Amino acid sequence: MKQLPSLKTLIVGAAAMLLAPVLAPTLPAAADTCCPTASKPTAKSSLYETFRTPPNTAKPYVRWWWNGDKLSAKEILRELDVMKANGIGGVEINPIAFPGGNDLGIPSLRWLSPEWIEMVRVALKGAAERGIVCDMIVGSGWPFGTEVLEGAERSQVLTRTGRKLVGPGTVEIKLADLMNEAAPRVHSFRGRTSRIHALALTPEKIEKFVAPKWVKFDPKKETVKIEVPAGNHVLSALVEYTGYQSVINGAPGAAGPVLNHYNEAAVSRFLNLLSDNLFPKIKDIKPSMRALFCDSMELEGANWCPDFVEEFQRRRGYDISPYLPYIIKKIGGMGHRSAAVETQLSGSAKEEITRANYDFVVTCMEIITDRFLKPYTKWCNEHGFKSRVQTYGNEFHPLEASLNIDIPECETWVAHGPWGYTNINKFVASAARYSGKNIVSCEEITNTNRVFNTTLEQVKIIGDESNLSGVTHSILHGYNYSPLETPFPGWVRYGTFFNERNTWWPFFKKWAAYKTRLSALLLETTPFADIALMHPLADMWTIHGPQRDPFPGLKYPRYQYNVWEGVHMNGNSCDYTSEGIIQKSTVEKGWLKYGPRKYKTLVLIEVETMAPETAQKLADFAASGGKLVLIAKTPHKAPGLANYKENNKRVAGIFNSIKKKYPKQVFTVPACGNNSIEWFAEVMKKTGIEPYVKIDKPNGEVSQIRQQSKDGKDIFFFSNKSGGNRHVLRLKFTQSKGTPWEWNAETGERFILPRNDDGTLTLDLAPAGSKIIVFDSLANGPKLPVRPAESDPVELRDWTLTLEHVNGKKDTRQIEKPFDFSKNKETQTFAGYAVYERKLPADASGKNYIDLGKVHGTSEVWLESKTTSDGWEKIGEHWYGRHLYFIPADASGKRIKIKVATTLGNYFKTNRDIPTGHRWTRGQPWTSTGLVGPVTLR
């Protein structure tokens, strides 16, 4: 009998052992599901062969945190071996600050030092020998920077503070106090500098724009005297901070001030640190590296560079200076706007100033694209690498910024909302579609809230939801560099503890095999969508300013990120679009086309503002037979300050005209309420949108995507995000031709699916389950096996429970029935393996299954055997979903053993003797663990 690692193995961290085959409840037992792989798809490979034997490039990659750069060649190679053996196909080398704990006296290597470069060489060479792909972060931590940056090469922000002044009178104010009040509340760099950019007096309230009265001051003096006219006024102090932000978790040599991404010369100097120092030393093994990575662009409000005013004038055609006291805000945490005394706006003043604010926002986005994003990709490509970037945040267009990147990336979190994927995923995926890219990369299973308490089932659910949002390839967050000698659980920077010292690690390769086949299929096919959604970005930026994606401070409107879910859950698919995409699109016979994408329906989400050029293109679209759906509002104005009154009339006139001319093409529908599924079903009825798959009972736990292959196959991926509910649905595919097959991503097998008498298919999704349905011209092959029936359940009670704790202790007790360990004070802190034993009833005839009921963790089941050396025969294992096991006909009267692996968090939660584990779990709630049941024969 093959066993899971012993507790000693977990604690010292030996490599994971091979597992026996999985018995899927809907299919016969298959051969070992550890995914066989090919080096890459060949031109002659069929889609099914690519799916069955996927390339290494489809395997999940990991962010490989080089904790503190406390590195050795031996440990690097050992960890590469562990990753390769468990289905990991690539690593992102990610130097990062040491997370704390026992460092074993190992010194840190300085970024770009000869010693550090030698470790990079070891990793690249070792990865190449093992068929592992390498990416590398440019620098360390995020956003990147380094100590060698000087002056305006460091990030800059123009921030503001305000004071109420009442005149007439004279006021004397310390300049240092104003600078301190305006200081951004961010991850500050100790060497930051500040200077007063300008002082301005404005009225307390204005209805019509009033240019500020500039206050003269001597920056060499400590104070400024201000003559305040009669009345109530606001003093605005505009303050430039340089080097105000520190690299978050930068490793030695790559910490310090953040780079000024608005300064192209600074960008070039920073990037050349790598190309001048590292690249020449790895040129003999450089082909093993795929891409250079830029992590989260959390620039925390960066909005300035020495020539910003001149650039604004060139791009927008007017001077922004008079508007700065009104539009610049105090910068709070993560770049969010913070409260400060400011002039109250109304009437035409409010309109004029908010429009100038829009122009300021767009100018920031343009400069950072021209001076950072485009040069970054160019630099990567010049040196033989692809660019991989997370291009979102306050300073970036959420969709169009990713058009400039070779491998655009988004992120999916553990315990972020009910789904896991973030709001930015659909933007990034849509940008990849427009630019013809098949890789939509994702920082996946990002985990700071449920460290040590995340199950492999939750990893699957969140990963599946990530794929539904448009992701085609996963980079797990992450794998911690941690020598075996490190006290349990090792060095942990962040993450879901993807590590051989995790209790469920032996099952990880099962998930990796599943994920690899799914990714291979998504990478080799094209996502279908004939509906495009346009967000009210111009309205939001004008009124509120841009949001810090992927965690926006507000949603505008509140349901904006629920619309696409309603579309997909009703049997359709959609992309996001933008004004830039629409303006460059062509119109042809009722389709709006951009590059490889085309749409017959465009949905505007409460859009009031758009450029006249966008409005005209949509008018052309409606005139050609395209369908426009206006949610709640009709566009009637243009963004920006220049010629806005004339442009407003053009936009309003265009939409007034097309609503009258094309009543069967242009529809206005009410805003979405709390249920986007029911809402979009009503939209479909009103507008005549026909789904490509009709779902008899759409619900908020099951969604789908549709892919298409080059040879005409229609591929559907359905997923159930519920860990507790089963869903049985009837599906009518209205556009798909051929024979329906189920492709099993766990085993690589495929079977023909039976149709119901009315031509529909029955989709049975177990909790956390997913299915791939492929319509193929191939009509002959193995049919989906018929499962033996389940009979009325008979509960099994009276168990012997043995608790094998990760701390080495072992305890045996008698229990009437299984229970949630976290609910019992005696077992609340248990972590490890729980083994349940008893004898089956003497007469179990007519019972085909043992159903474990609810299981919080992974499970394995053995039956007593006279033919094995240890007296046990394994009948299966499950790492997600329904823990249902087929039992042989001769099982009556035999002993049965169930082994459940729990998560580790409850043990660490109150255990101060394990500081690393305790630090991550002390604020988490108690987590359900173990076999809860009821355990039944069926």
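1. Helices (DSSP runs of H or I, at least four residues) and strands (DSSP runs of E, at least two residues) are numbered in this note from the N terminus. The structure is a predicted model, in which local features need pLDDT of at least 70 and side-chain atom pairs count only at pLDDT 80 or more, while totals for chains, interfaces and linings use all residues. Residues are numbered from 1 along each chain as its sequence is written, and side-chain values use heavy atoms, with hydrogens and water left out.

2. The loop between β9 (289–294) and α8 holds Glu300. The phi of this residue is near 50°, a positive value in a residue other than glycine. Most residues other than glycine have a negative phi, and most peptide bonds are trans. Glu300 counts as buried because its relative accessibility is 2%; buried means under 20% relative accessible area, exposed means over 50%, and partly exposed lies in between, with a 1.4 Å probe and protein chains only.

3. A positive phi is also found at Asn249, where the angle is near 60°. Asn249 is placed in the loop between β8 (223–242) and α6 (264–277).

4. Two cis peptide bonds deserve attention. One joins Trp142 and Pro143, with omega about -25°, and Pro143 belongs to the loop between β3 and β4. Another joins Asp549 and Pro550, with omega about 10°; Pro550 is in the loop between α14 (537–543) and α15 (563–569).

5. Gly151 is likewise located in the loop between β3 (133–137) and β4 (156–174). With a relative accessibility of 41%, Gly151 counts as partly exposed.

6. How do α8 and α10 cross? Helix α8 (residues 308–316) and helix α10 (residues 347–382) have axes that come within 10 Å and cross at roughly 105°. The axes are lines fitted to C-alpha atoms, for helices over the stretch in contact, and the angles run from 0 to 180 degrees between N-to-C directions. The two helices are therefore roughly perpendicular; angles of 65 to 115 degrees count as such, under 35 as roughly parallel, over 145 as roughly antiparallel, and the rest as oblique. On the α8 side the contact (heavy atoms within 4.5 Å) involves Phe308, Glu311, Phe312, Arg315 and Arg316, and among their partners in α10 are Asp359, Phe360 and Arg371. This contact of α8 with α10 has 6 nonpolar, 1 polar and 7 charged residues. In this classification, Ala, Val, Leu, Ile, Met, Phe, Trp, Tyr, Cys and Pro are nonpolar, Asp, Glu, Lys and Arg are charged, and the others, Gly among them, are polar.

7. Helix α3 (residues 73–85) packs on helix α4 (residues 114–129) at an angle of about 30°, with the axes 10 Å apart. The pair is therefore roughly parallel. The crossing of α3 and α4 is right-handed; this term applies if the near helix is turned clockwise from the far one by less than a right angle, and left-handed applies if anticlockwise. Ala73, Ile76, Leu77 and Leu80 of α3 touch Met119, Val122, Ala123, Gly126 and Ala127 of α4. By class, the contact of α3 with α4 has 8 nonpolar residues, 1 polar residue and no charged residues.

8. For helix α17 (residues 612–623) and helix α18 (residues 644–661), the axes come within 9 Å and cross at roughly 15°. That angle makes α17 roughly parallel to α18, and the crossing is left-handed.

9. Which residues have the most contacts inside the largest nonpolar core? They are Trp64, Trp66, Trp116 and Tyr376, in a core of 140 residues. A nonpolar core is a set of buried Ala, Val, Leu, Ile, Met, Phe, Trp, Tyr and Cys residues joined through side-chain atoms within 4.5 Å. Helix α10 gives the most to this core, with 12 residues. A second, separate core of 59 residues includes Val440, Cys442, Tyr559 and Ile689.

10. Asn720 lies in strand β28 (residues 714–720) and is buried, with a relative accessible area of 0%. Leaving aside neighbours within four places in sequence, its contacts include Glu701, Val702, His727 and Pro767. The C-alpha atoms of Asn720 and Lys771 are separated by 9.1 Å, and the two residues are 51 residues apart along the chain.
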